[in-house]
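Student: Before we begin, could you take me through this entry step by step, giving the cut-offs behind each term as it comes up?

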Amino acid sequence: MDICFEGVGQTAATFLAGEDVKPGMAVAVTGNGAVGLGKDGDLPCGVALGGVRGGAAAVQIRGAAEVAYSGETALAAGWQELVCDGKGGVKVSADGGVSWLVLTVDTAAKTAVVCM
């Protein structure tokens, strides 16, 4: 049996966004109604669902989504304190971050399905 979390609890909103925001990237609030990749250590607010069109992008702010991860500490299933890595992914924070539930981890691809 396959395990699938796609679309579970999904809530999305439209934000202003720069062309560097691509589908599947973790984003942070960068201004009034705007998101971007954020700086290393910024708190993620969601995951971009689609590409930027007309200066705006749909961002998933709740539910299960796949995102890349980086850093010295691999993500693990369970509750994790995460921050943006500044490159469109997330990483484990030693100093506190946003608490997201990690549902699955693919260590070879360095991706995880998280529930925001």
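**Pairs, strands and cores**

Student: Which residue forms a salt bridge with Asp-40?

Tutor: In this predicted model, the closest N and O atoms of Asp-40 and its salt-bridge partner Lys-91 are 2.7 Å apart, and the rule asks for a side-chain nitrogen of Lys or Arg within 4 Å of a carboxyl oxygen of Asp or Glu. The pair links distant parts of the chain, 51 residues apart, with Asp-40 in the loop between β3 (34-36) and β4 and its partner in strand β8; strands here are DSSP runs (E, at least two residues; helices are H or I, at least four), numbered from the N terminus. By this rule the count comes to one salt bridge, and the residue that joins Asp-40 in this salt bridge is Lys-91.

Student: What pLDDT do side-chain atom pairs need in this predicted model?

Tutor: Residues are numbered from 1 along each chain as its sequence is written, and side-chain values use heavy atoms, with hydrogens and water left out. As this is a predicted model, local features need pLDDT of at least 70, totals for chains, interfaces and linings use all residues, and side-chain atom pairs count only at pLDDT 80 or more.

Student: Is Lys-91 buried, partly exposed or exposed?

Tutor: The classes follow relative accessible area (buried under 20%, exposed over 50%, partly exposed in between, with a 1.4 Å probe and protein chains only). Because its relative accessibility is 22%, Lys-91 counts as partly exposed.

Student: What is the strand order of the open sheet?

Tutor: The open sheet has five strands with antiparallel pairing, where two strands pair if DSSP finds at least two bridges between them. Its edge strands, each pairing on one side only, are β6 (64-68) and β8 (90-92). Within the sheet, five bridges join β7 (residues 78-84) to β9 (residues 98-106), and Glu-81 has Ser-99 as its bridge partner in β9. The order is β6-β10-β9-β7-β8.

Student: What is the average twist from one strand to the next in the closed barrel?

Tutor: The closed barrel of five strands runs β1-β3-β2-β4-β5, with mixed pairing.

Student: How many disulfides does the structure hold?

Tutor: A disulfide is a pair of cysteine sulfur atoms within 2.5 Å. The sulfur of Cys-84 has its closest cysteine sulfur in Cys-45, at 7.6 Å, and is therefore too far for a bond. Cys-84 is buried, with a relative accessible area of 0%, whereas Cys-115 is partly exposed at 26%. The number of disulfides is zero.

Student: Which residues touch the most other members of the largest nonpolar core?

Tutor: A nonpolar core is a set of buried Ala, Val, Leu, Ile, Met, Phe, Trp, Tyr and Cys residues joined through side-chain atoms within 4.5 Å. Val-114 is in contact (heavy atoms within 4.5 Å) with residues including Leu-82, Trp-100 and Leu-103, leaving aside neighbours within four places in sequence. Of the 13 residues in the largest core, those touching the most other members are Leu-75, Val-90 and Val-114.

Student: What distance separates the C-alpha atoms of Met-116 and Gly-9?

Tutor: Met-116 lies in the segment after β10 and is buried, with a relative accessible area of 15%. Not counting residues up to four places away in sequence, Met-116 touches, among others, Val-47, Gln-60 and Trp-100. Met-116 and Gly-9 are 107 residues apart along the chain, and their C-alpha atoms are separated by 9.2 Å.

Student: What is the phi of Lys-110?

Tutor: Most residues other than glycine have a negative phi, and most peptide bonds are trans. Lys-110, found in the loop between β9 and β10 (111-115), is partly exposed at 34% relative accessible area. Its phi is positive, in a residue other than glycine, and lies near 55°.
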